Amino acid sequence: MDQLAEWAHQWDMQLNISKTKVMLFGAPNQSLDVTVQGRPVEQVIHFKYLGVWLDEHVAFEEQADYAASKATKAFSKVARLIDGRKGISPQIGIMLYKCLVRPHLEFAVSSWACMKESSLQILERVQSRCLRTVLGAKAHAAADAVDAIANVVPFRIRLQQICTLEYARIMQRHGNCKIRLMMEESCLIRQTFTPMSYVKHQARSLYFTENVAVKEVHNSTMADILDDVPVTRLDVVGEGSSLRCSGLLVDRVESFIESHRKQSVICFTDAATSEAGVGMCSAAAIILPPDTEAKEIEVFEVIPRITDSIEAEITAIVVALEAALELLRSSTDSVKKDKVIILSDCKSAVTTVIQRPHLSDYHEIIQRLRFSLQALKSKEVAVSVGWIPGHSGIVYNESADLAAKTALEKATVVSDGSVSLPVCKRLVAKQVNRRWQQRWTRSVTGRVSYSFIPQAGRTSFLPRDRCIAVSYVRLLLDDTTLKDHMYRSGLADSRQCDCGLGVEDAFHFFFRCPAHDANRSRLFRKI
Ligand SMILES: [Zn+2]
């Protein structure tokens, strides 16, 4: 310590001894005598460092309480916008909870996720309390049902997700990176989780079940950046939605082909994935040769590993460029063709191809893209890319779509087990949904709500008007101010309706009770 102080002094920096503390982790009640140049340094049992409360036992009780109190304080501001049945709609309330309150519960949480069960329960209760207020549910409403209605992932599962992604981000570093080595070597100490081993443990239960590893990050070389060939963006159909409505879209694309075909090779690209958005993928392209007499060429490629639709869409563009290059090479035409036009129905792929970001997760396919672009440039051919809406009757786009699907059907599953971070994120999100579904199916509470909303992780319809929304949520929770429910919770003397014709439950109220006949017939007239 003295050496450190001396070194600091040499560089004109003074160590502030009064702000310097000593803490001994994992061995409580032992005192250390640490001095700096004769002055004792105070030993503490907990300390807030980079916004997280650390404690000697590495139990993070203070931190969990602190996060809970910060979240509660933040929620009190949201709660001011709600006054019983008046105020903001549940939908806005849920959004405010997600962006103003939940971040406090999740701040740096992967570093203190190894907290005690009791601390975790405190945080779970904060989420339930906030969501109940936002939805206008009563205080005893089942937490699982409230999560499902609000479509907010249960906090415990969310914690697993955060830890898993943190693990993936660390393992994405290069093999000799310090933090990655620490993660690989982390282990239990005296049968207790250390923060890092806990992250690894949580990741194991989610991440390893998919049997994948995350690819190492890629850094572009100087040559990639300096020798980059520009690609221009084409605006064929504008935003497309107004054209699609007016039915002019197909005409617009056909006249575009008509006016450009003589000077250019036009390609339509599309991709297919085996499961929604992520899985095994295939890419295909339809190439229209400049010669209007010649038949269009169909090319395709199957990507034999787990990836996402964006990589597949970029691959389709690359496949098209390679085929176009081949076509131009073999062409014996006397008129020179100096343009390749690609029309893709994926906006992200179009943007990636134009910008080619240097830290992209799709660097392998982008590298291949660079080769084709350079080859085309050496033949003085310019490349432009444009977006067209998919599934809107454009003939060549439909045939590219069909070609990709056909290629995928014939493919067999091969996987090299290493996936990019965005693919990993999607796989984890899928797992999270499966976990949540399991928990919701097995839960013993909120069974009536389960019969209405059997699937977790789906946005449920909530009326905009708060008063109506609160009544609707209470119907979903089977907990209204009807006598059947009031009697159950001891707030009414009988379950019988005042009309004397039966039990006042939701069915009676809506379909049977003569007291509401007038309203009911008005409702039926409107429907
Ligand atoms: Zn009645």
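User: Which residue of S15 does Arg 233 stand opposite?

Analyst: The model under discussion is a predicted one. As a general idea, the strands of a sheet pair through backbone hydrogen bonds, in either a parallel or an antiparallel manner. In the present case, Arg 233 stands opposite Val 385 in S15. S10 and S15 pair in the parallel sense, over three bridges.

User: In what order do the six strands of this open sheet follow one another?

Analyst: The order is S10-S15-S14-S11-S12-S13, and the pairing is mixed. The edge strands are S10 (232-234) and S13, each of which pairs on one side only. On average, and with direction ignored, neighbouring strands of this sheet are turned by 25 degrees against each other.

User: Which helices pack on the sheet?

Analyst: Helix H12 (residues 249-260) packs on the sheet and touches S10, S11, S12 and strand S14 (339-344). The direction of H12 makes about 140 degrees with that of S11. Helix H13 (residues 309-330) also packs on the sheet, where H13 touches S11, S12, S13, S14 and S15. The direction of H13 makes about 150 degrees with that of S13.

User: How many bridges join S12 to S11, and how many join S12 to S13?

Analyst: Strand S11 (residues 264-273) and S12 pair in the antiparallel sense over eight bridges. Within this pairing, Ile 286 of S12 is the bridge partner of Phe 268. S12 and strand S13 (residues 297-308) also run antiparallel, joined by 10 bridges. There, Val 302 of S13 is the bridge partner of Ser 282.

User: At what angle do H5 and H7 pack, and how far apart are their axes?

Analyst: Two packed helices are described by the angle between their axes and by the distance between those axes. For H5 and helix H7 (residues 155-171), the angle is about 115 degrees and the axes are 9 Å apart. Angles from 65 to 115 degrees count as roughly perpendicular, and H5 and H7 are therefore described in that way. H5 contributes Glu 117, Leu 120, Gln 121, Leu 123, Glu 124 and Gln 127 to the contact, while H7 contributes Phe 155, Arg 156 and Leu 159. By class, this contact has four nonpolar, two polar and three charged residues.

User: Is Ser 119 buried or exposed?

Analyst: Ser 119 is found in helix H5 (residues 117-135). Its relative accessibility is 2%, and Ser 119 therefore counts as buried. Apart from residues up to four places away in sequence, Ser 119 touches Glu 61 and Ala 64.

User: What is the phi of Gln 37, and what is that of Glu 380?

Analyst: Most residues other than glycine have a negative phi. Gln 37, although not a glycine, has a positive phi of about 45 degrees. Gln 37 lies in the loop between strand S2 (35-36) and strand S3 (39-40), and is exposed, with a relative accessible area of 52%. Glu 380 is likewise not a glycine and has a positive phi of about 60 degrees. Glu 380 is found in the loop between helix H15 (363-378) and strand S15 (382-387), and is exposed at 60% relative accessible area.

User: Into which domains is the protein chain divided?

Analyst: The division gives domain 1 (2-44), domain 2 (222-416) and domain 3 (480-526). Taken over C-alpha atoms, the centres of domain 1 and domain 2 are separated by 62 Å.

Terms used: Residues are numbered from 1 along each chain as its sequence is written. This is a predicted model: local features need pLDDT of at least 70, side-chain atom pairs count only at pLDDT 80 or more; totals for chains, interfaces and linings use all residues. Side-chain values use heavy atoms; hydrogens and water are left out. Helices (H or I, at least four residues) and strands (E, at least two) are DSSP runs, numbered from the N terminus. Buried means under 20% relative accessible area, exposed over 50%, partly exposed in between (1.4 Å probe, protein chains only). Contact means heavy atoms within 4.5 Å. Axes are lines fitted to C-alpha atoms, for helices over the stretch in contact, and angles run from 0 to 180 degrees between N-to-C directions. Angles under 35 degrees count as roughly parallel, over 145 as roughly antiparallel, 65 to 115 as roughly perpendicular and the rest as oblique. Ala, Val, Leu, Ile, Met, Phe, Trp, Tyr, Cys and Pro count as nonpolar, Asp, Glu, Lys and Arg as charged, and the others, Gly among them, as polar. Domain bounds come from an automatic or database domain assignment. Two strands pair if DSSP finds at least two bridges between them.
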